[in-house]
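Please keep the sequence and the model at hand while reading.

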Amino acid sequence: MRHPFALLALLVSLAPHARPLQLAVQEFPPYSFTDQSKHLVGAYVEMVDAVCHEWPDGCTITQLPNLRARKLLEVGELDGMFPLARSPKREQSLRFSHPLGAASWGFFVHSESPEPALTREALSGAIVGVTRNSFSQYLLEELDRRLQQQGNVPLHIRLNTTDSIRSLQKLTRSSRYQLYFSNVDVARYHLASGSHQDIRPLQITHQANYQVGFNKTRMNEAQLAAFDQILDKLERKGKFEQIRARWQLPAPLTSGARQTLYP
């Protein structure tokens, strides 16, 4: 029997117009971002770069604005983007790799908020900030639909261009929002980078795995299987566990691709 990694090399080398995979990330710390030395860093950048070192034709990883990267991925000018979580809409045009790690989403609030816990009453009609065209927006709108089915007044959802400390700070400046809904790792990274003790997490509501999303027209099922084969090998060797531990990020969920914790 041919060795599986010999099969991998054969598979990709026989692909028409062999070329490096064109991958994109956004400014999304601690997963992917540009450091003070203008180097692309982050937990998932390290993990995908490790896979790329074993991919026969290599990869290029480019940081782009979120909306631009998603558009290029959608029209097939990129092979893939990461990190992305699955949603029904995304699965129509993307193939997803095996998971890189898990993430949580939830609400943040001004520290002087009189509401001690997240309740249906606190959410009913609340003004909530979230990042536009993000998985956070998808989860928040899904939560809003469920709450409306239970008789709640709809949320007033306010969209921001980016996931940043400036967006979170709208909780404090003139009380633009009552709540902010965000990826928890990203929000905590921003809050830890300065003196922002006036913003605190309120409640985690969702968990899901992050993956690499590949354009279906540019990455066929056999190529995806080859990519996953490398990813799985590095996971078994403990390479990814070391990276996640260094960035204080959790391993992938094993009980399912997604969990809803509230309501």
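## Terms and basis

A residue is called buried under 20% relative accessible area, exposed over 50% and partly exposed in between, with a 1.4 Å probe and protein chains only. By that scale glutamine 149, at 70% relative accessibility, counts as exposed; its place is in helix α6. The C-alpha atoms of glutamine 149 and threonine 62, which are 87 residues apart along the chain, are separated by 42 Å.

This is a predicted model, in which local features need pLDDT of at least 70 and side-chain atom pairs count only at pLDDT 80 or more, whereas totals for chains, interfaces and linings use all residues. Residues are numbered from 1 along each chain as its sequence is written, and side-chain values use heavy atoms, with hydrogens and water left out. Helices (H or I, at least four residues) and strands (E, at least two) are DSSP runs, numbered from the N terminus.

## The two sides of helix α3

In helix α3, which spans residues 66–75, the buried residues are Asn66, Ala69, Arg70, Leu72 and Leu73. They cover an arc of only 165 degrees around the axis, which puts them on the same side of α3; the arc is that of the directions from the helix axis to the C-beta atoms. On the other side of α3, Arg68 and Glu74 are exposed.

The cover over the buried residues of α3 includes β1 (21–25), β5 (80–84), α4 (88–93), β6 (94–96) and β11 (199–215), where contact means heavy atoms within 4.5 Å. Just after α3, glycine 76 takes a positive phi of about 85 degrees.

## Strand β8 and its partners

Strand β8 (residues 127–131) is largely enclosed by the rest of the structure, because four of its five residues are buried. Two strands pair if DSSP finds at least two bridges between them, and β8 pairs in the parallel sense with strand β9 (residues 156–160) over five bridges. The chain crosses from β8 through helix α6 (residues 135–149) to β9 in a right-handed β-α-β crossover, a term that applies if, with the strands pointing away from the viewer, the path from the first strand over the helix to the second runs clockwise.

β8 also pairs in the parallel sense with strand β10 (residues 179–183), over two bridges. Valine 128 stands opposite isoleucine 157 in β9, and in β10 the bridge partner of valine 128 is leucine 179.

## Cavity and pocket

On a 1 Å grid over the protein atoms alone, a cavity is a set of points where a 1.4 Å probe fits but cannot get out, while a pocket is an open set with protein on both sides within 12 Å along at least five of seven lines; lining residues have an atom within 4 Å of a point. Grid points are joined across faces, edges and corners, and a volume is the space filled by probe spheres set on the points. By this rule there is one cavity of 30 Å³ or more, and the largest cavity has a volume of about 130 Å³. Its lining holds 16 residues, of which Gln26, Phe28, Arg70, Ser134 and Phe135 lie nearest its centre, and the elements giving two or more residues to that lining are α3, β5 and α6.

The largest pocket has a volume of about 500 Å³ and is lined by 16 residues, with Arg70, Ser87, Lys89, Arg90 and Asn133 nearest its centre. The largest share of this lining, five residues, comes from α3. Serine 87 is found in the loop between β5 and α4 and is buried, with a relative accessible area of 6%; not counting residues up to four places away in sequence, serine 87 touches Phe135 and Tyr138.
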